[in-house]
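Open the model in your viewer and keep the selection tool at hand. Each stop below gives a selection and then what is there.

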Amino acid sequence: MQEHPKVWTFSPTFRAEKSDTPRHVSEFWMLEVEMRTQSLQEIMNLVEDMIKSLVQGLQQSSFMEELVTLRRSRGNLQTEEYLEDLEPLPTRWAMLKEGAWPRITYAEALRLLRDSAGSGQSKFFQEPSWESGLQFEHEKYIAATVGAGKPVFVTHYPRKIKPFYMLPSATKDNDSTVGPRTSACFDLLLPEMCEAVGGSLREYRLEELEASMPFPEPSLKGKSPSERTEAGDSSAATKGGGSLDWYLDLRRFGSVPHGGFGLGFDRLLCYLTGVRNIKDVVPWPRFHGRCDC
């Protein structure tokens with residue numbers, strides 16, 4: 001990051017979980033970006049500006065007209081209900097491009113969800129909580145109410161439900177119901193499609209990174225390398241030859257404050273084209289139960 005303050009890659013990504021929904025495939029394309037920065041807001045600004053620039057370019061091409069015309073011709077062979085679903089596409093693109101996108105913290109999102117459930121306005125199958133993260137039904141509600149047609153950034157998730165490499169937030173939420181410290185991170189929720197981008201600032205300090213790493217023996221977590229060695233720890237983080245040693249070396253030999261994000265290209269394509277199932281925007285979709293070569 002010292003020599004190259006902004007780097008990116010666009011490549012296939014693989015999902016190990018048995019997720020079989022209209023929003024999941026086992027192999028998808030991910031745009032991954034890393035940049036030298038100390039500001040989470042700067043990363044979110046980049047995400048927002050990039051997607052708005054993409055939409056601007058598409059609007060200036062003939063793609064929108066071709067897309068709507070093609071889907072209308074196919075819709076005529078199906079149902080009026082399908083036709084009605086085509087109309088919001090130009091509006092959807094306009095909403096992506098116009099105005100700033102809302103940004104709320106996880107704690108604020110949690111309060112909105114609990115207030116809605118408590119007043120009887122909404123009924124969620126899973127209770128929104130600080131421990132379990134946001135479920136799809138929660139994300140849909142936030143995108144619909146807070147975004148009102150625009151994408152929504154949800155920031156500062158609880159640290160214990162996020163990966164160890166994310167930088168802790170600089171401050172704690174003053175709300176006593178929130179609990180432990182949060183991570184300097186965000187998810188971008190698209191209406192209907194929900195999470196399409198996830199990003200964070202990265203932990204760039206060696207000792208803090210080691211302390212937050214998962215270890216086979218829970219009692220060793222947070223201890224210094226020498227303390228873990230004396231206790232007989234043979235984990236990858238301290239002994240070498242394991243899968244996480246190389247990651248520690250990225251900090252051991254020098255690092256700078258940085259952060260980045262990953263954008264699920266297929267989900268974004270779904271939203272831009274109005275396609276409801278991600279498998280329909282992938283030429284050869286591979287998903288749970290079907291991984292043909």
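## The whole chain

Start with a cartoon view: the secondary structure of the chain comes to 11 helices and 7 strands. Helices (H or I, at least four residues) and strands (E, at least two) are DSSP runs, numbered from the N terminus. This is a predicted model, where local features need pLDDT of at least 70, side-chain atom pairs count only at pLDDT 80 or more, and totals for chains, interfaces and linings use all residues. Residues are numbered from 1 along each chain as its sequence is written, and side-chain values use heavy atoms, with hydrogens and water left out.

Colour by pLDDT, the predictor's confidence in each residue, from 0 to 100. The chain has a mean of 81, and 78% of its residues reach 70 or more. Select residues 172-180: the pLDDT there is below 50, and the stretch has 9 contacts in the model beyond near neighbours in sequence. Contact means heavy atoms within 4.5 Å. Then select 217-222, where the pLDDT is also below 50. This second stretch has 8 contacts beyond near neighbours in sequence.

Of the 293 residues of the chain, 42% count as buried. Buried means under 20% relative accessible area, exposed over 50%, and partly exposed in between (1.4 Å probe, protein chains only). Take contacts between residues at least 6 apart in sequence: 66% of them join residues at least 24 apart.

## Stop 1: helix α1

Select Lys52, in helix α1 (residues 40-60). Is Lys52 buried or exposed? Lys52 is buried, with a relative accessible area of 16%. Show its neighbours. Leaving out residues up to four places away in sequence, Lys52 touches Leu96, Lys97, Gly99, Ala100 and Trp101. Now draw a distance from the C-alpha of Lys52 to the C-alpha of Met95: 9.7 Å, for residues 43 apart along the chain.

## Stop 2: aromatic pairs

Show the side chains of Phe, Tyr and Trp. The structure holds 10 aromatic pairs. Rings (for Trp, the six-membered one) pair if their centres lie within 6.5 Å; planes under 30 degrees apart count as stacked, over 60 as edge-to-face and the rest as tilted.

Zoom to Tyr106 and Tyr157. Their pair is tilted, at 5.0 Å centre to centre with 50° between the planes. Tyr106 lies in helix α5 (residues 106-118) and Tyr157 in the loop between β4 (152-155) and β5 (185-190), so the pair ties together parts 51 residues apart in sequence. Tyr106 is buried at 0% relative accessibility. Tyr157 is buried too, at 3%.

Next, select Phe164 and Tyr247. This pair is edge-to-face, with 6.2 Å between centres and 80° between the planes. Phe164 is in the loop between β4 and β5, and Tyr247 is in helix α10 (residues 245-252), so the pair ties together parts 83 residues apart in sequence. Tyr247 is buried, with a relative accessible area of 15%.

## Stop 3: charges over rings

A charge sits over a ring if NZ of Lys or CZ of Arg is within 6 Å of the ring centre and within 35 degrees of the ring normal. Then select Arg92 and Tyr271. Here the charged end of Arg92 sits over the Tyr271 ring, 4.3 Å from its centre.

## Stop 4: helix α6

Select residues 136-147, which form helix α6. Its 12 residues reach 15 Å from first C-alpha to last, close to the 16 Å expected at 1.5 Å a residue. That expected span is 1.5 Å times one less than the number of residues.

Which residues of α6 are buried? They are Glu137, His138, Glu139, Tyr141, Ile142, Ala143 and Gly147. Their cover includes β3 (103-105), α5, β4, β5 and β6. Step past the helix to Ala148, whose phi is positive, near 50°.

## Stop 5: around β6

Select Glu192, in the loop between β5 and β6 (194-201). Glu192 has a positive phi of about 70° although it is not a glycine. Glu192 is partly exposed, at 48% relative accessible area.

Move to Cys194, in strand β6. Cys194 is not a glycine either, yet its phi is positive, about 65°. Cys194 is buried, at 0%. Cys185 is buried as well, at 1%. How many disulfides are there? With a disulfide taken as a pair of cysteine sulfur atoms within 2.5 Å, the count comes to 0.
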